[in-house]
Amino acid sequence: MSAQTLTCGVRPAPPCNGRRQAPRASPRAFRCHAAAAPAVGTSLRDRQARAFAPWCAQGSRRTPIRRPPTYSRPSTLAQVSPAPSSSKATEQVRVAVLGASGYTGEEVVRLLSQHPHFTITAMTGNREAGKEFSEVFPHLRTAPAVPRLTKIEDVAWEGVDAAFCCLPHGTTQEVVAGLPRHVKVVDLSADFRLRDPALYAEWYGGEHRAVALQGEVAYGLTELHREAVRSARVVANPGCYPTSVQLPLVPLLAAGLILPRDIIIDAKSGVSGAGRSAKVNLLYTEATEGMNAYGVGKHRHMPEIEQGLTDAAGEQVTVSFTPHLIPMTRGMESDCYVRLADGVSVEDLRAALETKYANEPFVHVLPAGIVPQTHHVRGTNYNHIQVFKDRQSGRAIVISVIDNLVKGASGQAIQNLNIMCGMPETTGLLQQALFP
Ligand SMILES: NC(=O)C1=CN([C@@H]2O[C@H](COP(=O)(O)OP(=O)(O)OC[C@H]3O[C@@H](n4cnc5c(N)ncnc54)[C@H](OP(=O)(O)O)[C@@H]3O)[C@@H](O)[C@H]2O)C=CC1
Ligand SMILES: CC(=O)N[C@@H](CCC(=O)OP(=O)(O)O)C(=O)O
C-alpha cells in the first residue's frame, strides 16, 4: 500500500522518539501515519490503517486537553514542575494507572514511556500512596515524568479518559463500577473475566459485587475478541495462563482439529506472576533453585480457560491444568497435550495456526521444529507457539510461551486500549526481546 497520510484535523502528538517533548508553540494539523485503507484489505497494515481512522475522526470531537505536568525530562521525577499555563493543548489520551506501585502497574508505565499517544495523568498506590513513582521504581527515573502516587479516591477523574486497573482481584469490581462513565477501563484483575456470576462466586470465594457491569464487559484476549474490544467501555484483560493456553487451543477447537476432551495443560510461571506483595513462598530462599506445582486441581484460572475453550468447541470442555512456580523472574510456558480429531495430523494443526495468525503482529507460530523459549519473548508482547507430534498416537503437544507481565498482562492491556481508542494496536508495543 502506498504511504499516503491522513490529515485528521487534530493537534499533533509528540514524535515517538522515546522521550515526551514539550508541547509545540502552535497547533498544526495532525498527520496520522496511517495509510488510507482500501475498501477491502486483509494485511496487518490495512487493518491498522482502518483501525486508526476512527480515532483520527474522533479527534475533532474530542475536547483538546492539556498535557500533565511537563514533558521536558527533569533530572529526577521529583523535580517535575507544572506545565506553564501557556502550553498548548495537545491531542492525547489521558490515562490513569490504578495500582501503579505493583508489578503490572509498573509494567504499564514502562511500556507507556514509548507510547506516543497515551499520557499518564494519574497513578495510584495503596501503601505507597504519597510517594514519587521514582522512589518506588528507581529504574524508571529516566522515563517521561509521571504524577505522584495518590490514593484512588484522590484521582481527579475529569482529567482522565482511560484507566488501567492493576489492582488485586476482589478489590477491583467496586472500584471499576464506581468510575465515571466517560472513562474507558482495562481491568487487569480477574474480577470481570467470568461471565457467569455463579462461577465467579464458586472460584473466587464470594458473590460478585458489580454483576450489572459484568454483563457489559468485553473479554480482552485481543486476537480472538478484537471486535468486542473495539466497542467496549470496559475490558477484562485475560489472566496470563489463560492467554498462553487459549491463543493456540481456541482456533484448533473451533476448527474441530482437536477433541474437546483429554486436554492436559502443564504450565510454568516466573515469580513476578504472583505480584510484588511479600509472601513466604516468594522469598528468594524459597523460590530459587527449585520448583513446585501449586493450585493443583483447583487453580482459579481453570474456569477462565474452560470458558474460552467451551465457547470455541461448542460443547463443555474440562481441562486438567497444573501450574508451577519456577525460579525465574518473568516468563510463562504452557505445554498443552491434546488429542487429534480423526484424520488430522500435527502438520494440519500447524497449518491451521499459521493461517489463523498469519497477519497477527504478536502471535507467531515458529518454523517447524523450533522450540519456543521464554527468553525469546522476555519483555515483549509476543506469543510464540509450536506444535509437536506426541509419541502416543493421535496426540500432539502444543507449546506456548509469553511474558506473563507483558502479553500476559500489561502489554495486552495496552494493545486493548489502543483498539478501544481506534489506534493501531501495536502502538508502543513493538519492543524486541531482551536476550540473552
Ligand atoms: N503479575 C502478573 O504476572 C499478572 C497479574 N495480573 C493481575 O493484575 C493485578 C495486579 O497484579 P500485580 O501488579 O502483579 O500485583 P501487585 O501486588 O504487584 O500490585 C498490586 C497493586 O494494587 C495496589 N493495592 C493493593 N491492595 C489495594 C487496595 N486494597 N486498594 C487499592 N490499591 C491496592 C498495590 O498498592 P501498594 O503496593 O502501594 O500497596 C499495588 O499498586 C492482579 O489482579 C493480578 O492478579 C494479571 C496477569 C498477570
Ligand atoms: C505465579 C503466580 O502466582 N501467578 C498467578 C497468576 C497471575 C495472573 O494472571 O493472575 P490473575 O488471574 O490474578 O490476573 C497465580 O497463579 O495466581
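Trainee: Which residue in β16 is the bridge partner of Arg339?

Mentor: That one is Arg395. Keep in mind that we're looking at a predicted model.

Trainee: Thanks! Which strand does β16 pair with over eight bridges?

Mentor: β13, residues 332-339, and the pairing is antiparallel. β16 also pairs with β15, residues 383-389, in the antiparallel sense over six bridges.

Trainee: How many residues sit between the strands in the hairpin of β15 and β16?

Mentor: Five, and Gly394 in that hairpin takes a positive phi near 80 degrees.

Trainee: And β16 itself, is the strand enclosed or open?

Mentor: Eight of its eight residues are buried, so β16 is largely enclosed by the rest of the structure. Arg395, Ile397, Ile399 and Val401 point one way, while Ala396, Val398, Ser400 and Ile402 point the other way, and all are buried.

Trainee: Switching topic: how many residues of helix α10 are buried?

Mentor: 11 of the 13, so α10 is largely enclosed by the rest of the structure too. Among the buried ones are His301, Glu304, Glu306 and Leu309.

Trainee: What do those buried residues pack against?

Mentor: They pack against the helices α5 and α8, and against β8, β10 and β12.

Trainee: How far apart are the end C-alpha atoms of α10?

Mentor: They are 18 Å apart, which agrees with the 18 Å that 13 residues should span at 1.5 Å a residue.

Trainee: What follows α10?

Mentor: Gly314, with a positive phi near 80 degrees.

How values were computed. Residues are numbered from 1 along each chain as its sequence is written. Chains are lettered from A and ligands numbered from 1 in the order in which they are written. This is a predicted model: local features need pLDDT of at least 70, side-chain atom pairs count only at pLDDT 80 or more; totals for chains, interfaces and linings use all residues. Side-chain values use heavy atoms; hydrogens and water are left out. Buried means under 20% relative accessible area, exposed over 50%, partly exposed in between (1.4 Å probe, protein chains only). Helices (H or I, at least four residues) and strands (E, at least two) are DSSP runs, numbered from the N terminus. Two strands pair if DSSP finds at least two bridges between them. The expected span of a helix is 1.5 Å times one less than its number of residues. Contact means heavy atoms within 4.5 Å.
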